[in-house]
Amino acid sequence: MGEPIPSPYDINGQHFNPDMYLEKLIQERSLNEIMDHKFEIVQDIQALHSDMQTLVYDNYNKFISATDTIRKMKSDFKKMEDEMDLLAANMESITSFSEQISCTLQDTRQQITKLSGVHSLLKRLQFLFKLPGKLKATLQEGNYSQAVQDYIRAQRVLQQYGNMASFQGIQSDCEAIVEELKQKLRDQFKSKEASAKELAESVDLLLQLQEPADSLCAEFLAHAETRLGEQLTLLEGLQDQDIIEFVDIGSSGFLSDLCLVVASYNDMFINRPRLHNIQQCDELDSVALSQLGNFVLRNMEHYFSLVGKRVEHEQERGSGDTVVLVRALDRFHRRLQAMNTLFSDTDFARTGTEIVLRAGRRQCRFHLQALKAHFANTLAQVRQSLAAPKLISQDGDGSTSLSELLTSLVLATVEKVKGVLQDLLIFSQPDLTFGLKPHFCEVFCIDNVREDLVVGFLHHLTATARGFCVSGDSKSPPALLLLLSKMCLEFETSSVHYLLSQTDEWFNIEDRHGSGILTSEAEICTSMRAAAQELLNHYVRMQGLSVSQMLRKSVETRDWLHTIEPRTVRAVMKRVVEDIAAVDSQVGALYEEGQRAERSSDSSRRTHSANVSRHMYRSNWSSYAPSQLDSSLVTNIQKLFSERIEIFSSVEFSKVSILTGIIKISLKTFLECVRLRTFSRYGLQQIQVDTHYLQLYLWRFVADEK
C-alpha cells in the first residue's frame, strides 16, 4: 500500500489548512460546540507555550554550566603542564646526582662485596667448627631428622676441603657421630615396638644418608618375615582348633600383619617422593618391587599350605559340618580378595579358589564313599531280609515283601543321593565370594558333583549289581538277583533322569550334552538296562539249575531197569511244580505278566514232532524192528527227543518270559538225563507219567509251546 494522503483538517499535521478546517467546523457543529472547541484550543496553546518556555530555560542553564566547566578545564591543563615541566627538571637533577654518587662509591662497592664474601665464609667455618657438638646434642635429644639435615648441609664442604689438615678432625668426628646415628636409626628400624611412622622416618633418614636401598629393603623384609614367621608358627600349632577360629586367627593375625608390611614397604621404598636422580629412583623401584614380590609369594605359599592342611584335616576327621566348613572357606577367600587390592601383581583369590576346589572335590569323594557304604549296608539288610525264614506271608504270598524291599532299596538310595546333593549345594550359594566364579562352578558343579559323584555312584550301582553275576558266586540268594535286576530297571526308567535333572537344576549346569563334557543320560540308562538283563539272565540260570539238580538226581539215582509198574507221579515232579510255582509268585511280585503265545492244538504239535523225529532220528531207531516196540510208545519217545529247546538265551522283562527260561533249562536237563539212561518198559511208562504231569501243570507258566 502507498503512503497515506495528508489531510488538511489535521491541526497537528504539516498540510493543515485553517480556512478549510474552519469552514468544515462551522458546517458540522453548533455555535456552543464551536465555542467549546475554541476554549480547548486556547488551553492547548497556553500549555505548549509554557512547555516551550521551560525548555528554553533548561537549555540556557545547561549552556552556562558547560561554559564554566570548559573554563575550569583550561585552567587545570595549564597547571598540569607547569608541574610536568618541573618534574622533568627534577629527574634530570636526580640523574646527575646518581652519576656523581656511583663515581664516588665505585671503589667502596668492591671492598663491601669482598667483605660480604669473607663474612659468609666465616659463618660457614663457624658452622663447621660447631657441627660435631651440635650433632652430638641433637643425637642425645633424639632429634635424628635435624641431625641428618645439619650433616647434609655440611657434607659437600667437608668433602671439598677434607684433605686440609684443619678440617680432617672435624670430618672424622662428624663421620663417627653419623655412624652412631645410622646405628640408632637401624635399631629403631628393627624394633618390634616401632610404629609405622617411626619406621618410615628411619628408612627415609637412612636413604638420605646414602645407605644402599637394596640392603635396607632386605633388612626390612627379613625383620618382617621374623614377625610373620611367628604368626605362621602359631597357626601351625592350631590344627585342632575350630576351623572358623583358625581362619579368623589367620586373617586377623598373619594376613593383617602382611598387609601392614606391604603398605609400609610401599610408602617407604616405592611411593616416596622423587627429589633426586629419576633413573636411580626407577632402579630402586625395580629392586624394591622384586624383593617385595618374592617375600609376599614365599609367605603366602606357607600360609596356603597351612590352610590346605587344616581344611583337609577337618574333612578327614569327619566331625565337621559342611555349613561350618563352607563359612570358613568363604571368610578365607573373602580376605584374599582384599589382599588382591593391595598386592595386584598376583591373583591370590584364584589360589584360594583352588584350595576351595580341592576341599569341594574332597567333600564329593567323602560323600561318594558314604553313598557306597550306605548302599552296601542297605543291600546287606535286604539280603538279611531275604534270608529270613518268614519272608513269605502266612497266605503264602511273598509279593508284598519283595515289592516293599525294592521300594525301600530304591527310595533309600535316591533320598541318600538327594541329601548329599543338598549338602553340597552349600558350596554354590550366591552370597559366597567363590560361589559364582565361572572357574569354580565349571570344575566343582560339573566335574566333581555331577560326573565324579552322581554319575560315578550310578556306575558303582551298576558294577555292584553286575558283581553278583560272577560265576562261582553261589552265596547270593536268587531273589536278590531278581531284586537287583528290577532295581536297575527302576533306575533306568525314572531314577537316573530324576537324579541327573535335579543335579543340573540345583547346580545350574548348562545343557551341553552335545559337547561331550557331560555323561549323557542315555549312556547311563543303557548301562543300567544291560545290568538288569545280565542279572535277570543269571537269575534264570540259577533257578533253572536248581530245578535241574532235582531232576538230574531223580533220574540218575533210580534203577530204571528194575522198576515197578507206575501207579502215580513221582514226588520229585510235584516238588518241581511247587518250586516253579514259588518262583512264579516271587517273579510276579516284581514283574508284569507279559504276553503269551496262543497255544496250538495237540495234534499239530504231535504231527510236527513226528515229522521232525522221523527226519532227525531215523538212524537211531533203524536197528529196532517195528514188531519189537509198540507204535504209540515209539511215537512218544520220538516226541520226547525231537523237541529242540533254545536255552540260556536272554529273557524279556516279564514273568512269562522268566518262567519260560527257567522251565526250558529244567526240561533240557531232564531230556539229556533221560537220553543217557536205559529204561525198562515200566521205567519208560513212569517217565511218560511224569512228563504228562509236567505238561499239565507247567503249561500255565510258559509262553513258548516248543
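Predicted model: local features only at pLDDT ≥ 70, side-chain atom pairs only at ≥ 80, totals over all residues.
**Whole chain**

Start with everything shown as a cartoon. The secondary structure consists of 20 helices and 0 strands. The protein has 706 residues, and 39% of them are buried. Now consider the contacts whose partners have a separation of 6 or more: 79% of these join residues 24 or more positions apart.

**Helix α7**

Select residues 243–270, which form α7. Where does this helix bend? The bend is at Ser251, and its angle is about 30°. Then go to the start of α7 and show Asp242. A side-chain oxygen of Asp242 comes within 3.2 Å of the backbone nitrogen of Ile244.

**Helix α9**

Select residues 322–342 next. These 21 residues make up α9, and at 1.5 Å a residue they should span 30 Å. The end C-alpha atoms are 31 Å apart, which agrees. Colour the buried residues of α9, among them Val324, Leu325, Ala328, Leu329, Phe332 and Leu336. Asp330, His333 and Asn340 are also on the buried list.

Leaving out residues up to four places away in sequence, Phe491 touches Val410, Thr413, Val414, Leu458, Leu461, Val496, Leu499 and Met528.

Move to Leu424, in helix α11. Is Leu424 buried or exposed? It is buried, because its relative accessibility is 0%. Phe444 is 20 residues from Leu424 in sequence, and their C-alpha atoms are 9.8 Å apart in space. Phe444 is also one of the residues in contact with Leu424.

Now select Asn448, which is in helix α12. Its relative accessible area is 2%, so Asn448 is buried. Beyond residues up to four places away in sequence, Asn448 touches Leu357, Arg361, Cys364, Val443 and Leu453.

**Two loops**

Select Ser428, in the loop between α11 (399–424) and α12 (438–467). Ser428 counts as buried because its relative accessibility is 16%, and the cut-off for buried is under 20%. Setting aside neighbours within four places in sequence, Ser428 is in contact with Gly435 and Phe507.

Next take Asn508, in the loop between α13 (478–506) and α14 (521–556). Asn508 is exposed, with a relative accessible area of 66%. Its phi is positive, at about 50°, although Asn508 is not a glycine.

**Helix α20**

Finish with residues 681–698. How far apart are the end C-alpha atoms of α20? They are 25 Å apart, which agrees with the 26 Å that 18 residues should span at 1.5 Å a residue. Colour the buried residues of α20: Gly683, Leu684, Gln686, Ile687, Asp690, Tyr693, Leu694 and Leu698.

Note on methods: Residues numbered from 1 in each chain as written. Heavy atoms only, no water. Bend = angle between axes of the 7 residues up to and from the residue. Helix = DSSP H or I, 4+ residues; strand = E, 2+ residues; numbered from the N terminus. Polar contact = N/O pair within 3.5 Å; in protein donor to acceptor, adjacent residues only side chain to side chain. Contact = heavy atoms within 4.5 Å. Buried < 20%, exposed > 50% of the residue type's maximum accessible area, 1.4 Å probe, protein only. Expected span 1.5 Å × (residues − 1).
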